[in-house]
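This report goes through one protein model, with the cut-offs behind each term. Please read it beside the coordinates.

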Amino acid sequence: MSRANPVAGRPGLLPWYNRNRERAAQLFGLIADEAYYSRPIALRNPIVFYQGHIPAFSFNTLIKQGLGRPSIDARLEQLFARGIDPHEDSNNVRARGNEADLWPSRDEVDAFCAEADRQVRAVLAEHDRAADALPPERVEAAHCILEHEAMHLETLMYMWHQLPLEQKRRPAGYRPLIGGAPPAQTWIDIPSGQATLGIDPGAEPFAWDNEMPGCTEQVPAFRIQQHNVCNADYLAFVEAGGYVDARWWRPADWAWINAEGIGHPLFWQRDGDQWLWRGMFDLLALPAAWPVWVSQAEASAYCRWRGLSLPSEAQYQRAAFGAPDGQPRRYPWGNAAPDAARGVFDFHAWDPQPAGSHPAGCSAWGVDDLVGNGWEWTATAFAPFPGFEVLASYPEYSAEFFDGEHFVMKGAAPVTVRELIRPSFRNWFRARYPYIYASFRCVAGAGQ
Ligand SMILES: [Fe+2]
């Protein structure tokens, strides 16, 4: 069985596609030519793959499979069809030759992308001219390619982040907001009540298969930290020997940090007696008030050290979108569209900003930054909601990650576009994948 999103599309898909493509061009313009065939994250494909993959996926999904039209270049459509799931075991990385010899020339990729773009734009323009120009399953495919590219803009950023600074072109006006000391951490009581998980087919113009159908979960009262765990908080864990004490780590996580020699968050760097933060375009003295960005394994270890827990997905939903009147909210702050006053997302910044800088984005309970400034790790393994069916346009999107190894992240990072901000959107990664822009906060039982 597969499920299509049955709602007729809203107008204006071409402007979103154009915005995505312009953003992608801007991001590729930030890196030096010599980085093009490099592999900044060893377990990922080289950068050239992603330039081809985004338009190839759009063409394959909407034009070739969706409309049955002929190939542009069957070899490139196959080569660029699918990425790989990162795995922490670096022994799995196969031996490779010179990457530039294994991949097409940049001119060849550019020409393929231009033709794929031309055909996709023509179909989206047709949709935008007449609401019923495309059947519902093609409208779904159109949304699918738009959200796919939007998500890849973020994965490009993870890779760019790992490139040497000299291989990046710093944008004019790049000025990270460092801030001072972290905000005072307080505990916020969330009363027992229902969390809304997922969404019913048709309730949004588009939702991924893993978001459907909607369901609810009764959540007992709990307490949650108002702010993310900040670098200054996490430093206490590092300095207390957190990375050399097996008690705080799940066995597989403990094996991972020892095998890889990990002693601190990936975004940190030791310089003599001080800690630095490896920003997108600069090395900075560790900003104390920024949320710490870590893997789920490291977030879990910190929580265990503190005698606390990561929130479950349902607890996050309740803290972010629940309200005392029992009516779930569209955003933590209410129904107003996401803008820069509400949080750090939609490319408002390249790096995090001090926790608590956006009080206008607080949830109904007064919890800060639940959307923006880094995804929020949960303790919940990525799994389907009851009644799950794969999406017709992209059947492999979620199903093969329901393996107990991937954990749900919610919210948004600074480079998550606003179109992906909705209560039901779920992100997921392996517990031991440290490259992503993910933060966390702790929860405790109501009596703790
Ligand atoms: Fe992809």
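The model is predicted: local features need pLDDT of at least 70, side-chain atom pairs count only at pLDDT 80 or more, and totals for chains, interfaces and linings use all residues. Residues are numbered from 1 along each chain as its sequence is written, and side-chain values use heavy atoms, with hydrogens and water left out.

**Metal site**

Three histidine NE2 atoms, of His-53, His-148 and His-152, are the protein donors of the iron ion and lie 2.2 Å from it. Donors are N, O and S atoms within 2.8 Å of the metal (3.2 Å for Na, K and Ca); water is not among the atoms, so sites may look incomplete. Along the sequence, the donor residues follow the spacing H-x94-H-x3-H. His-53 belongs to helix α2 (residues 47–67) and His-148 to helix α6 (residues 136–162), so this pair ties together parts 95 residues apart in sequence. Helices (H or I, at least four residues) and strands (E, at least two) are DSSP runs numbered from the N terminus. Both His-53 and His-148 are buried, where buried means under 20% relative accessible area, exposed over 50% and partly exposed in between (1.4 Å probe, protein chains only).

Helix α5 (residues 106–129) has 24 residues and should span 34 Å at 1.5 Å a residue, which agrees with the 34 Å between its end C-alpha atoms. The expected span is 1.5 Å times one less than the number of residues. Among the buried residues of α5 are Phe-112, Cys-113, Asp-117, Gln-119 and His-127. The cover over the buried residues of α5 includes α1 (13–28), α2, α3 (74–79) and α6.

Pro-46 sits in the loop between α1 and α2 and counts as buried at 0% relative accessibility. Leaving aside neighbours within four places in sequence, Pro-46 is in contact (heavy atoms within 4.5 Å) with Tyr-37, Ser-38, Arg-39, Glu-99 and Trp-103.

**Strand pairing**

Two strands pair if DSSP finds at least two bridges between them. The table lists two pairs.

| Strands | Sense | Bridges | A bridge partner pair |
|---|---|---|---|
| β6 (residues 268–271) and β7 (residues 274–278) | antiparallel | four | Asp-271 and Gln-274 |
| β9 (residues 374–381) and β13 | parallel | two | Trp-375 and Ala-438 |

β6 and β7 form a hairpin with two residues between them, and Gly-272 in the turn has a positive phi of about 60 degrees. An open sheet of four strands runs in the order β12-β11-β9-β13, with mixed pairing. β12 (427–430) and β13 (438–439) are at the edges with a single partner strand each, so one side of each is left without a neighbour in the sheet.

**Cavity and pocket**

On a 1 Å grid over the protein atoms alone, a cavity is a set of points where a 1.4 Å probe fits but cannot get out; a pocket is an open set with protein on both sides within 12 Å along at least five of seven lines, and lining residues have an atom within 4 Å of a point. Grid points are joined across faces, edges and corners, and a volume is the space filled by probe spheres set on the points.

The count is one cavity of 30 Å³ or more. The largest cavity has a volume of about 50 Å³, and its lining includes Tyr-316, Phe-321, Trp-375, Lys-410 and Arg-422. α10 (313–321) and β11 (406–412) are the elements giving two or more residues to that lining.

The second largest pocket has a volume of about 330 Å³. Of its 20 lining residues, Thr-196, Phe-321, Pro-328, Arg-329 and Pro-423 are the closest to its centre. β3 (193–197) and α10 each supply at least two residues of the lining of this pocket, and β3 gives the most, with four.
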